[in-house]
Amino acid sequence: MKLPTAALFTVAVAVATAAPAPEKRANPKGIDISSYQGTVNFNTVKANGISFVYIKATEGTTYIDSTFSSHYDGATKAGLIRGAYHFAHPDSSSGATQAKYFLAHGGGWSGDGITLPGALDIEYNPNGAECYGLSASAMVSWIKDFSNTYHSETGVYPVIYTTTDWWKTCTGNSAAFASTNPLWLARYASSVGTLPAGWSYETFWQYADSGPNPGDQDEFNGSMQGLKNLALG
């Protein structure tokens, strides 16, 4: 149907007035933080264009991040999508034991649209052998133990944070998790680079360890709606 010019102008003005402002551009930006960052002004972070944050909750079975609760509450009040992460120590206790410790101290999940699945930070040993003294097969079993325990308690699989180099070295480049666990890849470069075996894409990319916002700098591989869908499970 062809409308008169005046009518077209009226319709155009009405549509322009009624249309909501776009929520966020594609590939929403995020940060991940711990007690190392201290106090964070999450309202400023959000104003800077940050959409999500991962917050350190636990490490092994002996450490609870002292700023987790304040960071988590602050991110929630600022309207950010947020989640918790656990730094693994596969040499100190089983995957199931550490998953339960994580869940008991902030690592849980609910399908409320603002809570990201908990993340397993599995990477270079800061205090000893790169692979924590485990063989590749033992490491894969440990990760499965953590992942399956987390899934049985929450209904979602944890995000796996790692680097391609560590994954190749310490799991033998296992493809066992690609169909279940979202990948969060750390690589400080202009592109995400080669992915670990099995994964055809990364869900999150940690592209820098510093930047305009506190903590490490991250990007979600998708739209804002896709990020919300991940938080919905």
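Modeller: A disulfide is taken here as a pair of cysteine sulfur atoms within 2.5 Å. The model is predicted: local features need pLDDT of at least 70 and side-chain atom pairs count only at pLDDT 80 or more, whereas totals for chains, interfaces and linings use all residues. Residues are numbered from 1 along each chain as its sequence is written, and side-chain values use heavy atoms, with hydrogens and water left out.

Biologist: How many disulfides does that rule give?

Modeller: The count is 1 disulfide. The bond joins cysteine 131 to cysteine 170, with an S to S distance of 1.9 Å.

Biologist: Where do cysteine 131 and cysteine 170 lie?

Modeller: Cysteine 131 is in the loop between strand E5 (119-121) and helix H5 (136-154), and cysteine 170 is in helix H6 (residues 164-171), so the pair ties together parts that are 39 residues apart in sequence. Helices (H or I, at least four residues) and strands (E, at least two) are DSSP runs, numbered from the N terminus.

Biologist: At what angle do the axes of H5 and H6 cross?

Modeller: The axes of H5 and H6 cross at roughly 115° and come within 7 Å. Axes are lines fitted to C-alpha atoms, for helices over the stretch in contact, and angles run from 0 to 180 degrees between N-to-C directions. H5 is therefore roughly perpendicular to H6; angles of 65 to 115 degrees count as such, under 35 as roughly parallel, over 145 as roughly antiparallel and the rest as oblique.

Biologist: Which residues make that contact?

Modeller: H5 contributes Ala136, Met139, Val140 and Ile143, and H6 contributes Trp166, Trp167, Cys170 and Thr171. Contact means heavy atoms within 4.5 Å. The residues of this contact divide into 7 nonpolar, 1 polar and no charged. Ala, Val, Leu, Ile, Met, Phe, Trp, Tyr, Cys and Pro count as nonpolar, Asp, Glu, Lys and Arg as charged, and the others, Gly among them, as polar.

Biologist: Turning to the strands, which way does E7 run against E8, parallel or antiparallel?

Modeller: Strand E7 (residues 183-186) and E8 run parallel and are joined by 3 bridges. Two strands pair if DSSP finds at least two bridges between them. Alanine 186 stands opposite glutamine 206 in E8.

Biologist: What about E8 and E9?

Modeller: E8 and strand E9 (residues 216-220) pair in the antiparallel sense over 4 bridges. Phenylalanine 204 has phenylalanine 220 in E9 as its bridge partner, and tryptophan 205 has glutamate 219 in E9. Strand E1 (residues 29-33) also pairs with E9 in the antiparallel sense, over 4 bridges; there, glycine 30 is the bridge partner of aspartate 218.

Biologist: How many residues of E9 are buried?

Modeller: In E9, 5 of its 5 residues are buried. Asp216, Asp218 and Phe220 point one way from the strand, and Gln217 and Glu219 the other way. In E8 (residues 204-208), 4 of its 5 residues are buried.

Biologist: What does threonine 203 touch?

Modeller: Threonine 203 touches Pro182, Leu183, Glu219, Phe220, Asn221 and Leu230, not counting residues up to four places away in sequence. Threonine 203 lies in the loop between E7 and E8 and is buried, with a relative accessible area of 11%.

How values were computed: Buried means under 20% relative accessible area, exposed over 50%, partly exposed in between (1.4 Å probe, protein chains only).
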